[in-house]
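Subject: Handover of a structure and notes on its contents

Dear colleague,

Please find the structure below, handed over for your records. My notes follow it, and I would be grateful if you read them alongside the coordinates.

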Amino acid sequence: MSATKKTVEIEAPTGKLGVLLVGLGAVSTTFIAGVEAIKRGLAEPVGSLTQMGTIRLGKRTENRVPLVRDFVNLASIDDLVFGAWDIFEEDAYDAALHAGVLERDLVNQLKGALQSIRPMKAVFDQHYVKRLNGTHVKRGADKLELANQLIADVENFRRANECDRVVMIWCASTEVFMQPGPEHDTIETLERAMRENSPAIAPSMIYAYAALKSGTPFANGAPNLTVDVPALTRLAIDQNLPVCGKDFKTGQTLMKTIIAPGLKARLIGLHGWFSTNILGNRDGEVLDDPESFKTKEESKLSVLEYILQPDVYPALYKDFSHIVRINYYPPRGDNKEGWDNIDIFGWLGYPMQIKIDFLCRDSILAAPIVLDLALFLDLAKRAGMRGIQEWLSFYFKSPMTAPGLYPEHDLFIQLMKLKNTLRHLQGEELITHLGLEYYD
Ligand SMILES: NC(=O)c1ccc[n+]([C@@H]2O[C@H](COP(=O)([O-])OP(=O)(O)OC[C@H]3O[C@@H](n4cnc5c(N)ncnc54)[C@H](O)[C@@H]3O)[C@@H](O)[C@H]2O)c1
């Protein structure tokens with residue numbers, strides 16, 4: 001057996017883990033209802049690496065392949081409790097029915113647990129999400145005061161639910177496109193901008209700031225800038241807290257990051273990739289606004305450039321066209337349909353085409369990501385990992401990275417990075433797949 005010495009001390013996950021969700025919409029309610037159903041033995045946690053995934057340890061001949069959750073000391077899903085903020089007052093039961101992802105029968109079986117989750121008043125400003133207009137919203141003299149109200153919410157939730165630890169995950173609507181500015185440079189400039197009610201401070205940043213100030217790890221499931229600015233990543237380091245984002249990798253982009261690495265591996269060229277979607281849920285309605293769509297588009301477009309590396313392979317990938325469209329089409333609800341037309345070329349430049357028609361369910365793909373992120377962020381905090389958690393790139397369309405570092409989008413490299421991080425934490429040898437030792 002080839003284990004290295006364990007060097008990382010990880011606190012045990014005692015007591016309850018609070019999961020605070022910003023936004024109680026389709027993704028959040030599908031996640032909460034799913035966990036409650038799994039706790040009751042009504043369903044399996046399909047799609048969750050922390051619950052169903054395994055990890056190979058040591059040599060292939062050792063046959064050591066434990067479940068991830070038996071290998072690292074994760075919180076049990078029985079110890080999870082949920083809270084949320086939303087701009088609408090609906091509890092999680094009504095919100096789940098409204099979202100229409102899960103069958104009414106299943107939601108009714110979980111009615112008591114879901115009705116007990118009533119959203120707290122949100123920090124919201126329609127300037128950042130044009131298509132929504134909610135009434136369940138906090139008032140305050142300035143953005144710093146709103147942050148302090150959120151910090152008080154976190155504390156009250158922690159006390160009321162007797163939580164040992166809390167994590168926060170942004171599952172709220174996509175905000176308008178923003179770029180980092182001088183306001184986001186340092187904690188001082190950020191706090192000044194919050195006091196001055198600067199438009200450079202979006203609601204999602206106020207939540208992220210409040211999370212970090214209250215000792216809470218933060219993940220960003222939408223493409224908003226949010227915690228991906230120097231002031232907040234610095235705050236995370238100073239507070240010894242892990243952060244990660246952005247934009248849950250589900251649906252069409254998940255497929256892209258599965259297929260593109262395969263094409264590149266076999267040096268198959270690309271002329272173009274056209275992607276279009278029809279989507280009818282509230283997320284689709286929000287993304288119908290060009291400013292919110294721009295945020296999403298940036299997140300979706302970057303993937304292929306990074307995977308295919310046109311600068312390294314100009315003969316194969318220079319100047320390919322990449323177009324992404326999302327059309328709001330109410331009849332489909334959460335059951336999105338995504339089409340891809342991929343124009344590729346092979347030996348001697350001969351053209352070929354791949355067509356994909358993915359009839360997916362967005363929130364069904366996103367819910368296990370929320371579960372894994374909650375458990376892994378909690379693990380990271382207990383292991384003393386702070387700042388950007390690049391090993392969680394596996395879950396995101398636009399992974400956050402250290403300044404100057406390009407993100408890794410290839411799903412299989414991301415998975416290797418994630419599993420090697422777990423091996424590292426537990427003092428196990430990292431797996432390189434070299435394998436020469438089997439042929440000595
Ligand atoms: N479902 C997926 O596969 C997927 C994948 C990647 C990213 N996302 C992102 O996750 C987010 C959630 O998706 P969804 O399908 O659940 O959307 P949704 O519209 O059903 O839910 C979002 C909820 O957030 C609330 N909200 C908006 N602004 C808020 C604020 N400032 N504070 C508190 N609540 C606020 C809305 O009222 C709504 O209830 C979206 O940004 C979406 O783009 C989803």
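In which helix is the place of Thr189? Thr189 belongs to helix H8, which covers residues 187-195. Please note that this is a predicted model.

Thr189 counts as partly exposed, because it has 17 C-beta neighbours inside 10 Å; a buried residue would need 20 or more. Leaving aside its neighbours within four places in sequence, Thr189 is in contact with Pro182, Glu183 and Ala231. His136 stands 53 residues from Thr189 along the chain, and the C-alpha atoms of the two are separated by 29 Å.

Helix H8 packs against H10 at an angle of about 120°, and their axes are 8 Å apart. This crossing of H8 and H10 is left-handed. On the H8 side the contact is made by Ile187, Thr189 and Leu190, and on the H10 side by Ala231, Arg234 and Leu235. By class, the contact of H8 with H10 divides into 4 nonpolar residues, 1 polar and 1 charged.

Helix H9

The buried residues of H9 are Pro203, Ser204, Met205, Ile206, Tyr207, Ala208, Tyr209, Ala210, Ala211 and Leu212. The cover over them includes three strands, S1 (16-22), S4 (163-170) and S5 (218-220). It also includes helices H7 (143-160) and H10 (230-238). After H9 comes Gly215, which has a positive phi near 75°.

Helices H1 and H4

H1 passes H4 in a left-handed crossing. In H1, the residues Ala26, Thr29, Ile32 and Ala33 meet Ala92, Ala95, Ala96 and Ala99 of H4. The contact of H1 with H4 has 7 nonpolar residues and 1 polar residue, with no charged residues.

Domains

The domain assignment of the chain gives domain 1, made up of 16-248 and 364-425, and domain 2, which covers 251-359. Taken over C-alpha atoms, the centres of domain 1 and domain 2 are separated by 26 Å. Between them, 27 residues of domain 1 are in contact with 28 residues of domain 2. The side of domain 1 that touches domain 2 has 13 nonpolar, 7 polar and 7 charged residues.

The ligand

Of the 37 residues around the ligand, Gly23, Gly25, Ala122, Ala222 and Arg282 come nearest. The elements that give two or more residues to this shell are H1, strand S2 (80-86), helix H12 (282-287) and helix H15 (362-382). H15 provides the largest share, 4 residues. By class, the shell around the ligand has 21 nonpolar, 11 polar and 5 charged residues.

With kind regards

Notes: Residues are numbered from 1 along each chain as its sequence is written. This is a predicted model: local features need pLDDT of at least 70, side-chain atom pairs count only at pLDDT 80 or more; totals for chains, interfaces and linings use all residues. Domain bounds come from an automatic or database domain assignment. Two residues are in contact if their C-beta atoms, placed from the backbone, lie within 7 Å. Ala, Val, Leu, Ile, Met, Phe, Trp, Tyr, Cys and Pro count as nonpolar, Asp, Glu, Lys and Arg as charged, and the others, Gly among them, as polar. A crossing is left-handed if the near helix is turned anticlockwise from the far one by less than a right angle, and right-handed if clockwise. A residue is near a molecule or strand if its C-beta atom, placed from the backbone, lies within 6 Å of it. A residue is buried if 20 or more other C-beta atoms lie within 10 Å of its own, exposed if 12 or fewer, and partly exposed in between; C-beta atoms are placed from the backbone. Axes are lines fitted to C-alpha atoms, for helices over the stretch in contact, and angles run from 0 to 180 degrees between N-to-C directions.
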